[in-house]
Amino acid sequence: MDKAQKTDTADPFAFLKRPLRAAYMRCDRFLDYTFGSRDNPFYSLGGLGFFLYWIIAVSGIYVFAFFDTGLTEAYESVEAMTHIQWWLGGVMRSLHRYASDGLILVIGLHIMREFAFDRYRGTRWYSWVLGVPTVALAFAAGITGYWLVWDRLAQYVAETTAEILDRLPIFGSPIARNFLAPSYVDDRFFTLMLFIHIALPLVMLFIMWFHVNRVNRPRINPPRNLAIASLVLLIALSLVYPALSQGPAELSRVPSPVSLDWYYLWSYPLVDLWGPGGVWLVYFLGSFALMIMPWLPPLKRSAPAVVDLDNCNGCTRCAVDCPYGAIRMAVRTDGKPFEREAVVNPAQCVSCGICTGACPTATPFRRAAALVPGIDLGGLPLVMVRERTHKAAAGLAGAARVVVFGCDHGGAIAALNSTSVGGVSLPCTGMLPPSMIDYVLSRRLAEGVVITGCRDGECRFRLGPQWTEERIEGKRDPQLRARVPRERILRVWAGPAEMARLAREIASFQQRLATAGNAAAAPAPAEAGQTVVAE
Amino acid sequence: MKPLRHAAQAAFVLITLGLIGYFSASPPYARVPPESALIKLSFAHAAAKKGGCRELSAEELERLAPNMRRKTICSRERLPVDIEVLLDGAPLYAERLPPTGLSGDGPSRVYERFVVPAGSHSLVLRLRDSERAAGFDYETTHAVTLAAGESLAIDFFQGGFRFE
């Protein structure tokens, strides 16, 4: 049983997470194949959420310019926009609606994905908990928007919202009285609602900023292709199936039936089933459950990263690469002739080891001194990784011996062990210093090295596969030395459910190594330094 | 390989847009059955003060600071409001509405919706806001014909029931 599986059994929600994670991984494979790993929308759910927010903001500003606040003017101005200026006003109105619906859909998928991949406990409680008010504000902003149109749906929303709010014992007079009969509503109501409808998303944006500010390099923008495609498709939907009003509100009539927007108003029919008190119970219990989830149970943390000042030259690479901003550069304290030193905040450290992989002193070739890099993982120091590598390679035989470096959260590396394959599992593949690949090949511990781990968007620590790829390709420090034969390296990003594919890729790689060894010639350029993500 | 990929892209796009578009306005929801009407009863009405008012004696006034010497004092707390609604002679709603506020000095309030069959109805409304033991302070009978989907609002305002 690997480390990730051990953690899994201690988690009371594992029975929910396992099937959900499996479903997401199946979708990921499909979307990687369909759109490519870079534009897989499931890898950019947070970024898509931000992008939809901006679409809502821009379309909302346009709609606001033509909206009139008044009992009859509100409905008439929206109708004029929809039918007279359908080519822009109508599209903007529909875009405002569909981007808002898309936002709720994306938020739901984002929450479930982070839950399924267990990315909400430990130091990530902060982003998770701040996500809860963000969701509440998104719903509140959407609901107040429906109110403004002042059609039959708006009447239903107004009456039901008032009934829900009236359940709170804080109002002297029932709010629902404001919608008792036509003479009870006045124009000022629309000014108030407009103010609330604009203020809520601004507060939401403020909290969204906090939501991502403990994350290093948050993906607040989706990849360009994905962003353009999302916008174009939402515009197409707006043209083909424009958002329409449902007739003017008439307080002397019952607004029934109404075409509900179920993304925002799913809880409103519950008022008729359970009463406003029941709906408040759903809201309260739902929010409370989400809020306390990061501590159900708390994540058992591995020992955090430790800085060794004797080997730290303050190069900043660890701080730049840390996915959660747990490392900051401080003024040097040991008198050595460097400006800065790395300081780890243990509360924010997720013990992924990516900092070790980024450290230029983390090289297994060192002989003069003990193998202690400038920054190292307390629970799995680099010297232990080197020992494990030697151990994995020790028993291997044949002409195509391979050492596999994988992560605890991807496929179970131990299952790959054979007479010619030896595996070393790390907390995250991003922990592997590129020099370790050089070490294995130059010391002839094996003929080939396989780097594997979670697919990019499935990485438990967010940036592991990306940093590893960039280091090997020479785009990021520390780079893999040019002397290392790229054809002897295989990179396969595969989740736990893709072990069979991983085994197939390794077998094929071994065949190529054996052929190359026998022919004593370099393999075909097309196969050199191959990266495999999708089948 | 490419046509298959394009087909997968089209399927994903259509499903996603379909999901957004469909649930954005479907399926419709009916809050009240067809051939029904709605009666909404709502008011915020302050009942009389509990225990009434009394005049202070000279001794009691003497004990108070000069600027606090008001001759009449009343209890802060209000009485509850009793409301009864009868539809075609049958009880539709009967409730004792407590005063609002931490000290019970606010108005009693109510907002209730009743789904009734469309057609002609006779409504009887009774309200008590005093300490009287029997009977009601206000009572009215109202005949109304409600079309399907119509909504009738009943308020209690300035000492009388108001229908709109």
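1. A:Leu265 is in contact with A:Ile143, A:Leu153, A:Val157 and A:Leu260, leaving aside its neighbours within four places in sequence; contact means heavy atoms within 4.5 Å. This is a predicted model, in which local features need pLDDT of at least 70 and side-chain atom pairs count only at pLDDT 80 or more, while totals for chains, interfaces and linings use all residues. Residues are numbered from 1 along each chain as its sequence is written, chains are lettered from A and ligands numbered from 1 in the order in which they are written, and side-chain values use heavy atoms, with hydrogens and water left out.

2. The largest nonpolar core has 57 residues, and A:Leu153, A:Tyr156, A:Val157 and A:Leu265 touch the most other members. Helix H3 (residues 45-66) of chain A supplies the largest share of this core, 10 residues. Another core, of 42 residues, lies apart from it and includes A:Ala393, A:Val403, A:Val424 and A:Ile451. A nonpolar core is a set of buried Ala, Val, Leu, Ile, Met, Phe, Trp, Tyr and Cys residues joined through side-chain atoms within 4.5 Å. Buried means under 20% relative accessible area, exposed over 50%, and partly exposed in between (1.4 Å probe, protein chains only).

3. A:Trp262 is found in helix H10 (residues 262-265) of chain A; helices (H or I, at least four residues) and strands (E, at least two) are DSSP runs, numbered from the N terminus. A:Trp262 counts as partly exposed because its relative accessibility is 23%. Not counting residues up to four places away in sequence, A:Trp262 touches A:Pro269, B:Phe23, B:Ser26, B:Pro27 and B:Tyr29. A:Trp262 and A:Asp101 are 161 residues apart in sequence, yet 8.9 Å apart in space, C-alpha to C-alpha.

4. In chain B, four strands form an open sheet of mixed pairing in the order E7-E2-E10-E11. Two strands pair if DSSP finds at least two bridges between them. Strand E7 (108-117) and E11 of chain B are the edge strands, each pairing on one side only.

5. Strand E10 (residues 151-157) of chain B is mostly covered, with six of its seven residues buried. Four bridges join E10(B) to strand E2 (residues 36-45) of chain B, and the two run parallel; B:Leu38 has B:Ser151 as its bridge partner in E10(B).

6. E10(B) also pairs with strand E11 (residues 160-163) of chain B, in the antiparallel sense and over four bridges. Here B:Ile154 stands opposite B:Phe163, and B:Phe156 has B:Phe161 as its bridge partner. The hairpin of E10(B) and E11(B) has two residues between the strands, and B:Gln158 takes a positive phi near 50 degrees.
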